Amino acid sequence: MKYLIVPFFILFLSFHASADSVTKLLERATEYQESNPDSCIYLSQKGLTLIKDDQVVMRASAYWNLSQGYLYKHRYHTALFYALRGKELFEEDETKRIYQDILATIGWIYFDIGNYHQAEPFHQKALITAQRRNDIRSEVLYTNALGLDVLNTGQETKSLAYFRKGLFIMNQLEQPDQDLRATIENNIGIVYIKQENWQKAEEYLLSSVGNSSGTATALLETYAHLARVYLKTHQLDKCRNVLIKADELRHQTSYSFSLMEYYQVRYKYEQLVGNIQAAFDYQDKYIDLYQKVHNQEAQTVMNFLLDAQQEKIEQDELVIQQAEKLKYNRNLLIGVVVVFTIIVVIGFYYLFKSKAEKAYLRQEILARELEKEKQQQAELSDKLAYKDEAIETMALTMSKRNELIKTLAVSVSKSDSKEIREAWKKFEYIFNQDRKTNILSEEFVKDFRYRLQSRYKNLTEKDLQLIIDIRNNLTSKEMADKYHIEVKSIEMSRYRLRKKLNLDTGVQLKSFIMEL
């Protein structure tokens with residue numbers, strides 16, 4: 001068993017030894033980025049051969065060191081290649097420190113080749129990553145970087161706002177970083193130089209010198225800008241003193257941009273004081289360094305890469321726009337279908353509702369008509385019953401009257417009085433004549449009713465009977481007795497009849513009826 005454990009233990013130790021050795025290689029490469037870029041590149045490439053595929057952070061660190069090394073050698077296309085390889089290892093919302101450094105490096109590559117608009121979004125992403133990590137020092141660094149991006153696009157006010165924001169955030173650091181403060185103050189001095197505010201520029205540049213820990217690269221650039229201020233304000237003694245200090249530092253750095261700033265201002269100073277040969281020497285050094293930094297071949301390759309990347313970005317944006325358009329059209333189609341469905345459902349609802357309401361209304365009308373017919377039938381039944389009762393009453397009355405007359409006739413025939421018998425004869429004559437008249441009236445009643453209905457369409461059966469009774473010389477009391485109702489009811493019926501016949505005031509109802 002122990003013979004099996006020993007090999008595994010040796011493999012475990014060798015694995016950790018290998019991981020530690022790679023980590024140390026990458027740490028040494030990081031130290032050599034600015035001072036010895038070639039050593040940085042060699043160590044990083046050696047580290048890549050030892051890194052396993054699943055060691056993402058180490059691989060990204062190696063790519064970042066390679067990118068930084070080539071950046072300091074001004075081989076921008078190679079620097080961008082390795083930086084993008086490192087960026088591809090992470091998601092967009094990654095919060096690891098190495099991802100943040102890679103984003104910043106891509107921004108500085110674009111910055112160094114003068115593509116400041118392309119540099120700004122990568123510095124912005126690095127700033128967001130630093131904020132997610134709650135890395136205040138890095139937040140200050142990338143706020144400063146954004147200030148430089150916008151400064152070189154001519155947005156001096158905006159850049160000054162970024163630098164002041166960086167100083168404000170720096171106050172949150174537990175231990176003050178004087179070198180970082182010196183860097184930001186140097187950049188504020190550059191803003192004031194562009195604005196030709198020489199007093200403010202001198203103030204911030206001197207403060208930057210005072211806060212710097214003596215790093216050659218940073219101090220050389222600050223001295224160069226300070227010398228430019230003294231040249232513009234014709235303070236040649238101060239300018240000479242500053243340039244002497246700068247000259248002591250130029251041998252301690254290989255950072256091209258700081259050296260270019262120094263050579264350019266030194267050339268102008270020597271030219272101004274009349275040292276023509278010295279001025280030409282510094283001009284030649286500036287030109288050589290400028291050509292090195294702005295290598296035409298590298299610039300051509302870089303521009304090609306940038307164009308390719310821009311084309312890919314445009315294609316991606318086009319794909320995104322098409323996808324959004326398809327999504328919009330799909331949502332629009334869904335919306336139209338939903339709205340159409342709702343409209344159809346509402347239409348059918350109101351259609352069926354209208355039909356239901358019409359059917360209900362029709363049934364209600366039919367019910368009302370049936371109820372009205374029932375009421376009319378009830379009224380007719382009441383009228384028939386009333387007429388039957390009136391006829392029976394009249395027949396009974398006539399029967400009693402005839403019996404009475406017969407009884408009287410018998411009594412008169414037994415009477416010995418001649419006068420009574422003659423009076424009775426006259427009575428019988430008149431009575432018989434009246435009976436004949438009544439018989440004639442009943443015969444012509446149909447014709448009379450027809451003439452009334454033809455002339456007055458609005459007369460009811462009750463109105464016609466009232467007219468016939470008046471024509472038969474019945475008084476209101478007699479009619480009330482005949483129909484067993486109040487005299488007042490007869491008078492009201494006579495009043496309504498006048499209205500229906502449109503009689504004027506002063507015209508007698510009976511006289512009018514007798515003339516019909």
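What you have open is a predicted model, where local features need pLDDT of at least 70, side-chain atom pairs count only at pLDDT 80 or more, and totals for chains, interfaces and linings use all residues. Residues are numbered from 1 along each chain as its sequence is written, and side-chain values use heavy atoms, with hydrogens and water left out.

Switch to a cartoon view. You'll find 20 helices and 0 strands (DSSP runs numbered from the N terminus: H or I with at least four residues for helices, E with at least two for strands). As for contacts (heavy atoms within 4.5 Å), residues 24 or more positions apart make up 58% of those with a separation of 6 or more.

**Stop one: helix 5**

Select residues 97-112, which form helix 5, and pick out Thr-105 there. Thr-105 counts as buried, because its relative accessibility is 2%. Which residues does Thr-105 contact, leaving aside neighbours within four places in sequence? Show Trp-64, Ser-67 and Gln-68.

**Stop two: two loops**

Next, go to the loop between helix 6 (116-133) and helix 7 (136-151), and click on Asn-134. Asn-134 is not a glycine, yet it has a positive phi of about 60°. Is Asn-134 buried or exposed? Its relative accessible area is 63%, so Asn-134 is exposed.

Now jump to Asn-473, in the loop between helix 17 (461-471) and helix 18 (476-483). Here too the residue is not a glycine, and phi is positive, at about 65°. Asn-473 counts as partly exposed, with 46% relative accessibility.

**Stop three: helix 14**

Finish with residues 276-293, the 18 residues of helix 14. At 1.5 Å a residue (times one less than the number of residues), helix 14 should span 26 Å, and its end C-alpha atoms are 25 Å apart, which agrees.

Colour Ala-279, Tyr-282, Leu-289 and Val-293, which are buried in helix 14. These four cover an arc of only 95° around the axis, which puts them on the same side of helix 14 (the arc is that of the directions from the helix axis to the C-beta atoms). An α-helix has 3.6 residues a turn, so residues three or four places apart point the same way.

Show helix 4 (76-87), helix 12 (236-249) and helix 13 (256-273) as well: the buried residues of helix 14 pack against them.

Key: Buried means under 20% relative accessible area, exposed over 50%, partly exposed in between (1.4 Å probe, protein chains only).
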